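Student: I would like to learn how to read a protein model. Could we go through one together?

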Amino acid sequence: MTVAQRHGRRIMMTPAELDSFLAEQRTCRVATVSADGRPHVSALWFAWDGRSLWLYSLTRSRRWSEMRADPRIAVVVDDGEEYGELRGVELSGTVEFVGETPRTGEPLPALEAPEQLFAAKNFGLDVMPHDGRHAWARLTPDAIASWDFRKI
């Protein structure tokens with residue numbers, strides 16, 4: 001269940017605006033927590049299916065090992081250069097790992113839609129290429145906060 005945004009209602013995105021924004025953006029920043037409690041932020045491509053954010057990460061990355069050790073994450077997707085253009089979304093919750101690690105392309109119904117979205121958005125392809133170095137983590141957020149300064 002997603003927690004309602006309490007502040008900034010005037011500038012928050014509607015559900016349709018949020019879906020459109022996440023569908024068009026390519027890069028997010030993923031915040032994980034290291035074993036000693038330090039935050040770690042890294043950029044990553046993603047796909048949004050209207051309910052969950054799908055992260056396709058290198059399995060030998062610091063991000064992946066930190067998510068495996070502590071699956072609580074926060075993700076920010078934002079856009080804009082000038083103050084009046086700034087807009088974005090923060091999603092937080094616990095990731096779930098879906099499919100084999102690393103992903104080799106074994107048929108898995110749960111990954112059909114996100115892989116099709118990801119391949120089209122990021123590679124302009126109809127079929128997801130698998131390199132045996134990446135795997136999927138799904139964030140179905142517990143909380144979402146959004147802002148669109150163009151509404152001010």
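This is a predicted model: local features need pLDDT of at least 70, side-chain atom pairs count only at pLDDT 80 or more; totals for chains, interfaces and linings use all residues.

Student: How many helices and strands does the protein chain have, and how do the elements run from the N terminus on?

Tutor: The protein chain has 3 helices and 7 strands. Their order from the N terminus is α-β-β-β-α-β-β-α-β-β. The radius of gyration is 16 Å, close to the 15 Å that the globule rule gives for 152 residues, so the chain is as compact as a globular protein of that length. The C-alpha trace spans about 45 × 40 × 30 Å along its principal axes.

Student: What percentage of the residues count as buried?

Tutor: A residue counts as buried when its relative accessible area is under 20%. In this chain of 152 residues, 39% are buried.

Student: Which contacts join residues at least 24 apart, and what is their percentage?

Tutor: Take the contacts between residues at least 6 apart in sequence; 69% of these join residues at least 24 apart.

Student: What should I look for in a helix?

Tutor: Start with the general idea: an α-helix has 3.6 residues a turn, so residues three or four places apart point the same way. Now take helix α1, residues 15-24, where Leu 18, Phe 21 and Leu 22 are the buried residues. Seen down the axis of α1, these fall within an arc of 95°, so they line one face of the helix. They pack against β2, β4, β5, α3 and β7.

Student: Which residues of helix α2 are buried?

Tutor: In helix α2, residues 62-69, the buried residues are Arg 63, Trp 64, Glu 66 and Met 67. They cover an arc of only 165° around the axis, which puts them on the same side of α2. Strands β1, β2, β3, β4, β5 and β6 are what the buried residues of α2 pack against.

Student: Is the peptide bond from Thr 101 to Pro 102 cis or trans?

Tutor: Look at the omega angle. From Thr 101 to Pro 102 the bond is cis, with omega near -5°. Pro 102 is in the loop between β5 and α3.

Definitions and conventions
Residues are numbered from 1 along each chain as its sequence is written. Side-chain values use heavy atoms; hydrogens and water are left out. Helices (H or I, at least four residues) and strands (E, at least two) are DSSP runs, numbered from the N terminus. The radius of gyration is taken over C-alpha atoms; the globule rule is 2.2 Å times the number of residues to the power 0.38. Buried means under 20% relative accessible area, exposed over 50%, partly exposed in between (1.4 Å probe, protein chains only). Contact means heavy atoms within 4.5 Å. The arc is that of the directions from the helix axis to the C-beta atoms.
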